[in-house]
Amino acid sequence: MGDTAVRVEGLYKRYRLGATHAQDASLAGALARGMRQLLGRRAVSSSASEAIWALRDVSFEIKKGEVFGVIGTNGSGKSTLLKILSRVTEPTKGRAIINGRFCGLLEVGTGFHPELTGRDNVYMSGAILGMKRQEIARKFDEIVAFAEVEQFIDTPVKHYSSGMYVRLGFSVLAHMDPDILIVDEVLAVGDVRFQKKCMGKMEDVGQHGRTVILVSHDMPAITRMCKRAILLNKGEVVQEGSAHDVVNHYLHAGHIKPCEEWADPTQAPGNEVVRMRAVRVQTESGVIMDRFDIRRPIDIEVEFDVVKPGHVFVPVFNLYNEEDAIIFIAHDRDPAWQRTPRPVGRYVSTARIPGNFLSEGVITVAALMMTEDPFRLHAHAPRVIGFRVDDSGTGDSARGDFHGRWPGIVRPLLEWRTRYTPD
Amino acid sequence: MHNVLPQSHSSSIVIEPSKGYVQVGWGELWAARELFYFLAWRDLKTRYAQTAIGAGWALMQPLLSTLIFTLVFSYLAKVPSDGLPYPLFAFAAILPWSLFARSLERSTLSVVTEGGLIKKVYFPRLIIPISATFINLVDFAVGLLILIGMMLWYQIVPQWTLVFLPLFVGVALATALSVSLWLSALNVKYRDVASVVPLMTQLWMFASPVLYPASLVPESFRFYYGLNPMAGVIEGFRWAVLGKSAPDWGMVAVSLVVVALMLVGGVMFFRRVERTFADLI
């Protein structure tokens with residue numbers, strides 16, 4: 001027990017669904033219900049009885065100095081687990097024991113106020129994370145230098161680019177010097193160079209005997225940085241073990257889904273001008289599928305709402321293979337909307353990938369909405385959907401009748417011509 | 001349960017469902033006192049950065065109220081004012097009253113306003129309503145300058161009674177907090193709580209000796225009148241500053257007991273329900 005940093009024992013968390021009706025959320029409604037009950041009338045059946053278990057019997061242990069990964073699809077319970085560990089919410093049952101100074105941060109830039117300057121926000125955010133004033137003052141220059149925002153440190157952060165904002169937020173967190181650090185998806189933001197810097201910083205933290213809990217969709221990052229990991233699915237620990245094994249399990253055991261729809265627009269990727277509604281992968285005839293025959297075309301589509309008119313939006317798909325290499329990036333070049341500001345409304349943009357083009361394996365898709373001039377990212381759904389491409393060996397694909405290992409990022413069936421000259 | 005923890009780690013945290021009575025957590029609250037200053041400082045800074053005339057608004061409201069009340073209650077209704085000039089009589093009550101009312105309103109909204117933080121990071125939640133209460137002392141201090149100006153104008157010299165001023169200011173804040181601890185927590189679940197508060201403070205003002213002296217209230221009702229802690233605060237504040245007509249100390253004692261009970265109850269209630277905040281906001 002002496003070398004344990006975090007121990008989680010049979011953790012359960014129940015959320016109540018419902019209570020979304022206005023009358024459930026108002027004092028007037030509650031009083032009216034109470035009156036009805038007092039008068040002996042049956043209360044209107046409450047939808048609050050519906051409950052979901054966001055976590056079910058989750059147990060694991062993290063040793064001191066370990067970099068520990070938590071993976072799982074959206075809705076698998078990762079965020080709930082983090083919220084419990086960082087004491088934002090309470091478990092319904094079970095318990096967790098944490099040894100050491102602890103820092104949980106569910107979002108980079110927590111506690112930032114847009115009207116305050118970078119300098120003020122560093123102090124504010126540091127105080128919220130539990131740093132003492134002198135401690136922040138001592139590390140201030142280091143924090144600012146790491147974030148590379150020296151020039152703008154006395155500018156209100158509302159004028160910051162999203163990259164600067166995230167860099168400063170992460171930098172405060174990274175300089176906390178906690179014994180246990182929880183990082184959620186922080187690596188999905190910022191540019192590639194800064195991501196690398198963050199990873200370096202976190203590896204540093206790990207090497208100094210500190211414990212890091214890393215929650216990410218970025219599988220290569222998990223395998224590279226973590227020794228051990230757990231995989232959550234529907235609130236339960238599906239697998240615990242070496243990060244490599246767990247990631248493989250995740251990638252190959254169908255924890256990918258061919259469709260993501262955001263029922264609640266406020267949860268969907270987007271901003272005040274455009275918001276995603278759904279991302280899907282489907283057959284030519286519009287059937288949502290998670291497995292495709294390598295010979296068939298594949299349609300990837302994004303459904304989105306333009307909320308504010310006047311922007312030339314370009315839907316973008318990035319496709320990744322199992323090694324997390326980008327297979328390709330596709331920008332919507334539908335001539336009807338190229339250089340055309342879009343009026344408000346619902347749009348569905350579909351990109352058709354020809355058959356006999358992608359390799360076999362699991363392919364994940366990131367969907368983005370951007371404007372190219374000026375270049376700006378409006379919505380980003382990283383690794384939002386995935387699907388599998390199979391070659392069943394019919395002989396008419398690029399594979400032909402060969403059944404061995406077949407490397408290559410893409411596998412096009414090219415047009416071959418033969419010139420033959422008989423003797 | 002404690003035998004599971006290694007003795008060497010005083011910083012071990014056990015996270016489990018809390019049951020029944022929850023401790024106030026004074027140690028934790030004290031440890032987070034810097035965060036309290038920062039929250040207050042941020043609110044002040046952003047508030048005064050956004051309004052061009054900043055503190056000007058803090059002056060306008062009590063001054064305009066005093067003007068209107070003087071016209072209506074003194075000139076038209078001829079309400080007595082304990083032998084003091086009515087504008088001074090009214091302003092010396094409106095000042096602590098505004099401190100109370102603004103604190104109550106702001107603090108009631110505070111938990112929902114800070115929902116973004118509550119959902120993302122842990123810190124002692126009690127800090128939020130406490131900080132939202134205390135920052136109103138800044139507007140109060142500005143108002144106090146005006147009061148001094150008015151006293152110079154009417155040539156009224158403060159007496160030794162001035163030493164009681166901090167006591168009544170403290171009770172005004174405690175009263176606001178004791179109510180807003182309940183309301184801010186309830187407001188998380190029932191969002192219409194916030195809309196009841198302005199109505200409540202308005203009615204409450206007429207139940208307090210802001211516009212009329214408590215001496216107008218019949219002797220036999222004084223005990224019940226004192227159940228409203230603000231009755232003692234207003235009378236006491238006016239006496240501390242202007243030195244005329246000492247408050248009914250029996251009434252003040254009743255007020256103090258009521259505030260103490262409501263405050264303890266408020267803290268316990270807040271601590272009991274704060275665990276659900278992140279799930280409900």
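Me: How many residues of chain B are in contact with how many residues of chain A?
Reply: In this predicted model, local features need pLDDT of at least 70 and side-chain atom pairs count only at pLDDT 80 or more, while totals for chains, interfaces and linings use all residues. Residues are numbered from 1 along each chain as its sequence is written, with chains lettered from A and ligands numbered from 1 in the order in which they are written. Taking contact as C-beta atoms, placed from the backbone, within 7 Å, the counts are 34 residues of chain B and 42 residues of chain A.

Me: Which element gives the most to the side of chain B that touches chain A?
Reply: Helices (H or I, at least four residues) and strands (E, at least two) are DSSP runs, numbered from the N terminus. Those of chain B giving two or more residues to this side are strand E1 (13-15), helix H2 (33-50) and helix H13 (277-280). With 8 residues, the most is given by H2(B).

Me: What is the strand order of the open sheet of 4 strands?
Reply: Strands pair if DSSP finds at least two bridges between them, and strand E4 (residues 93-98) of chain A pairs with E1(B) in the antiparallel sense over 3 bridges. The edge strands, each pairing on one side only, are strand E2 (51-63) of chain A and E1 of chain B. The order is therefore written, with antiparallel pairing, as E2(A)-E1(A)-E4(A)-E1(B).

Me: Which residue of E1(B) is the bridge partner of A:Ala96?
Reply: E4(A) and E1(B) pair over 3 bridges. In E1(B), the partner of A:Ala96 is B:Ile15.

Technical notes
Two residues are in contact if their C-beta atoms, placed from the backbone, lie within 7 Å.
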